[in-house]
Amino acid sequence: MDQEKEIKDRMFKLLNEEMRKIFTERVIDYGTNPRNCGVMDRPDGYAKFTGPCGDTVEIFLKIKNGKIENISYTTDGCMTSHAAVSAATVMARGRLLKECLTINQESILGHLGGLPEDSKHCALLAATTFHKALRQYLVK
């Protein structure tokens, strides 16, 4: 049993070392410990969007006094999708709606410290879904 645990620990350590060669600490943190993940009852704003990669994101907004009081999301995507959407929610919480217009693919990538080229679309998916939820609230 101890040998099995030792092997698992060694494999986990190697996996972590490899991930750190590819992703920033913040991407790993947000991707493995996402913030604001979950469904929200009766949101003021909502959007669901599926990107060209096949990942789907839902964003839920609670707005009070022109600010995002609460925000949450769900996704069926990979770790980098979770990291990007989680970052968008952290960036938006407590901000005025007009301030949220600056949350886009580039600002999400900046917040995360970057993503590999083949994962940058995750930040675009997060930003697109977020802006669709804002639009849905404003039109309502």
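Keep in mind that the model is predicted.

Layout to begin with. The protein chain has 5 helices and 3 strands. Along the sequence they run α-α-β-β-β-α-α-α. The C-alpha atoms fill a box of roughly 60 × 30 × 25 Å along the principal axes. Of the 140 residues, 40% are buried. Now the contacts. Take those between residues at least 6 apart in sequence: 58% of them join residues at least 24 apart.

Next, helix α4, residues 105-112. Which residues of α4 are buried? They are I108, L109 and L112. Looking down the axis of α4, these buried residues fall within an arc of 100°, so they line one face of the helix. Turn to the other side of α4 and you find E106 and G110, both exposed. What does the buried set pack against? Three helices: α2 (25-32), α3 (79-92) and α5 (121-139).

At its start, N104 puts a side-chain oxygen within 3.1 Å of the backbone nitrogen of E106. After α4 comes G113, and the phi of G113 is positive, near 80°.

Two of the partners of α4, namely α2 and α3, also pack on each other. A packed helix pair is described by the angle between the axes and the distance between them. For α2 and α3 the angle is about 95°, and the axes are 7 Å apart. That makes α2 roughly perpendicular to α3. Who makes the contact? From α2, it is V27, Y30, G31 and T32. From α3, it is M79, T80, H82, A83, S86, A87 and V90.

Last topic, the cysteines. How many disulfides are there? The count is 0, with a cut-off of 2.5 Å between cysteine sulfur atoms. Take C53. C53 has 39% relative accessibility, so it counts as partly exposed. Now C122. The nearest cysteine sulfur to C122 is that of C78, 4.4 Å away, and C122 is in no disulfide either. Buried or exposed, then, for C122? Buried, because its relative accessibility is 2%.

That is the tour.

Terms used. Residues are numbered from 1 along each chain as its sequence is written. This is a predicted model: local features need pLDDT of at least 70, side-chain atom pairs count only at pLDDT 80 or more; totals for chains, interfaces and linings use all residues. Side-chain values use heavy atoms; hydrogens and water are left out. Buried means under 20% relative accessible area, exposed over 50%, partly exposed in between (1.4 Å probe, protein chains only). Helices (H or I, at least four residues) and strands (E, at least two) are DSSP runs, numbered from the N terminus. The arc is that of the directions from the helix axis to the C-beta atoms. Contact means heavy atoms within 4.5 Å. A polar contact is a pair of N or O atoms within 3.5 Å; within protein, one must be able to donate a hydrogen and the other to accept it, and residues adjacent in sequence count only if both atoms are side-chain atoms. Axes are lines fitted to C-alpha atoms, for helices over the stretch in contact, and angles run from 0 to 180 degrees between N-to-C directions. Angles under 35 degrees count as roughly parallel, over 145 as roughly antiparallel, 65 to 115 as roughly perpendicular and the rest as oblique.
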